[in-house]
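Hello,

I am passing this structure on to you, and below it you will find my notes on what turned up. Please have a look at it first, then read on.

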Amino acid sequence: MAEDSIAVVDLDRCQPDRCNYECANFCPPNRTGKECIITRDERYESAELYEGGPDQVSISEEICLGETCGICVEKCPFDAIEIINLPQELDEEPVHRYGENAFALYGLPAPEEGKVTGILGPNGIGKTTAVRILANEMMPNLGEFHTEPDWDRVLDEYRGTELQDYLEELRDGDVTVARKPQYVDQIPDQFDGKTRDLLERTDERGALDDLVERFGIGAVMDQDIDSISGGELQRVAMTATLARDADFYFLDEITPYLDIGQRVTAARIIRELAEEEDRSMLVVEHDLAILDLLADGVHLAYGRPSAFGIITPPKSVRNGINEYLSGYLDNENMRIREEAITFEEHAPRTATKAEAVVEYPDLKKSYGEGEFSLEVEAGKIHESEVLGVVGPNGIGKSTFAQLLAGKLEPDEGEINSRLEISYKPQYIDIDQHMRVDAFLRSITDDFGTSYWNTEIAQPLQLERVMEQNLTDLSGGERQRVAIAACLSKDADLYLLDEPSAHLDVEQRVMATSAIRRYAENHDATALVIDHDIYMIDLLSDRLLVFDGEPAEHGYASTPTSMREGMNEFLGNLDITFRRDERTKRPRVNKPGSQLDRQQKKDGEYYYSA
């Protein structure tokens, strides 16, 4: 194979007991007597030298003809093989490779002292791998996965680069690090006890009381860690990490489960720690508005998810995000996406004048004396519109969705029970032991048709998960399947509660496009609850704003225009947005900046008019 190509075998998909080794039988080098594709047992004398089963295939990258051949890719009945041409400009060896025909990472981000460095890129592209290497949780093997990693070889590879000093200090134990894990919902599996017990053992800077107050987690300090919500777990994880006395802090996705106000608070705390105490931060994040607000510079990650990832040198935050959205990296002269992600033609839209599909009266719902209560003003949801719903966590947005869906009964007011509702809940609990394709086929007769594939499956990137079991899906995969299931039903109203959760930037845009296109092409009506301003901005025709006291009392006014609703919502948060001159994407103004002060003075929190 050419030096700029790699072969990847998905061991979860490679099923030799269900095929006739078509990949090997039709491989041109194999047919000339060469051992390009053989079993792993045939390739190696010892099972210690390979991962996977002995009957699964091994592809020799030295013999393989590369992507120009691709016969094995076409012949594999389970889509388990990828032959990929790497960018021609890539003239370096991998930083780390997980094994033969496995994922390879090229390049590492360079954390800067006293700065906040961001990493932006799709899921499965190596961002967490890079963080784990820099946090000294794993050693890079420089692509030599059959040998033990060696610090001397690593330092030789990075001699003369920005990372040399950092890696030497890491090897010698002269640098301390603290890392917030990506999946905070796994914390209860690793710690059994009260929240206070977990946090007090991390308080190395004497900053715990201040962080607890600013993150707003005082109410859960004496609760068992396995009893608190996802948003509370996220804030506890950040508190635990930032309370440590470290030289470098690695924060892997800070926004999941948080509302926009909590996201802005987290961004401000991270920036202050970097600026006032000269701490160094490296943040992996998919919320572009928050990344824009908190980072001093950004590394982009691109490649082929689960196959290879490349991390670029640092770029300015504005240029880096704009290049990522455009799909073209200027310095690298590299196109990473066929189409740009654009914003100009979308929000704010003129409110629709169509007939009302849903017309609800004043509603009240209480969970009991001293418990949470919700009041909702009477309103309408129009035919063929997407109504965005925003507000803090614990304010009643999901309760309202469940009232509309008939999952809850209001204490006062009545919902039209004759409506056909398709509902995607906030938390997706999948316990059905069935394949994705069988699950979706059970929902719609359109499954597999060209219409369904074009309108739903392709935008939601479902092709590679169709043969997987529902219980084996990742969080992002479950989310996309749940959105597909929701849109696949015939309904008067489609309710989607936090469809952006667990999705990367591109997946969010694709999901947004699928929801929007479905509403437009089928005169469908949708209500979407989300905390990602980009998704709400791209998707919504009008806005429903929730306010109140989280976990105590919530209130929702009548749906309004995007400008009126966003001015109310952002005014409550005391933050302003502007549009980027080049891409028209939403950008959070730096607090206290001239533009921030002027927009607040004009009462225009949602872009200047």
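This is a predicted model: local features need pLDDT of at least 70, side-chain atom pairs count only at pLDDT 80 or more; totals for chains, interfaces and linings use all residues.

Let's start with helix H10, which covers residues 208-215. Which residues of H10 are buried? They are Leu208, Leu211, Val212 and Phe215. Looking down the axis of H10, you will see these buried residues fall within an arc of 100 degrees, so they line one face of the helix. What does the buried set pack against? Its partners are helix H9 (195-200), helix H11 (230-242) and helix H12 (260-277). After H10 comes Gly216, with a positive phi near 70 degrees.

Helix H12 also holds Ala266. Ala266 counts as buried because its relative accessibility is 0%, and the cut-off for buried is under 20%. Setting aside neighbours within four places in sequence, Ala266 is in contact with Phe215, Met238 and Ile254. H15 gives the most, with four residues. The volume of this pocket is about 930 Å³. How many residues line the pocket? There are 33, and those nearest its centre are Asn393, Gly394, Ile395, Pro550 and Ala551.

Helix H5 (residues 127-134) is mostly covered, with six of its eight residues buried. These are Lys127, Thr129, Ala130, Val131, Ile133 and Leu134. Just after H5, Asn136 has a positive phi of about 65 degrees.

Helix H18 runs over residues 475-487, 13 residues in total. From first C-alpha to last it reaches 19 Å, close to the 18 Å expected at 1.5 Å a residue. Is H18 enclosed or exposed? With 12 of its 13 residues buried, it is largely enclosed by the rest of the structure. Among the buried residues are Glu477, Arg478 and Arg480, along with Val481, Ile483 and Leu487. The buried residues of H18 pack against strands S21 (421-424) and S22 (493-497), and against helices H16 (436-441), H17 (450-457) and H19 (505-521).

The loop between S22 and H19 contains Glu498. Its phi is near 55 degrees, a positive value in a residue other than glycine. For background, most residues other than glycine have a negative phi. Glu498 is buried, with a relative accessible area of 10%.

Ser306 has a positive phi too, near 70 degrees. You will find Ser306 in the loop between strand S11 (297-304) and strand S12 (308-311). Is Ser306 buried or exposed? At 53% relative accessibility, Ser306 counts as exposed.

Now to the UniProt record. An unreviewed entry there places the feature "domain: ABC transporter" at residues 81-330 and 358-573. For residues 358-573, the end C-alpha atoms lie 29 Å apart, and the span is 33% helix and 22% strand.

Ser561 lies in strand S26 (residues 560-561). With a relative accessible area of 28%, Ser561 is partly exposed. Ser561 and Asp541 are 20 residues apart in sequence, and their C-alpha atoms are 7.3 Å apart in space.

Tyr607 is buried, with a relative accessible area of 5%. What does Tyr607 touch, not counting residues up to four places away in sequence? The list is Asp537, Arg563, Phe577, Arg578, Arg579, Pro586 and Gln599. Tyr607 and Phe577 are 30 residues apart in sequence and 5.2 Å apart in space, C-alpha to C-alpha.

Conventions: Residues are numbered from 1 along each chain as its sequence is written. Side-chain values use heavy atoms; hydrogens and water are left out. UniProt positions are given in the numbering used here, feature names are shortened, and annotations may be inferred rather than shown by experiment. Helices (H or I, at least four residues) and strands (E, at least two) are DSSP runs, numbered from the N terminus. Buried means under 20% relative accessible area, exposed over 50%, partly exposed in between (1.4 Å probe, protein chains only). Contact means heavy atoms within 4.5 Å. The arc is that of the directions from the helix axis to the C-beta atoms. The expected span of a helix is 1.5 Å times one less than its number of residues. On a 1 Å grid over the protein atoms alone, a cavity is a set of points where a 1.4 Å probe fits but cannot get out, and a pocket is an open set with protein on both sides within 12 Å along at least five of seven lines; lining residues have an atom within 4 Å of a point. Grid points are joined across faces, edges and corners, and a volume is the space filled by probe spheres set on the points.
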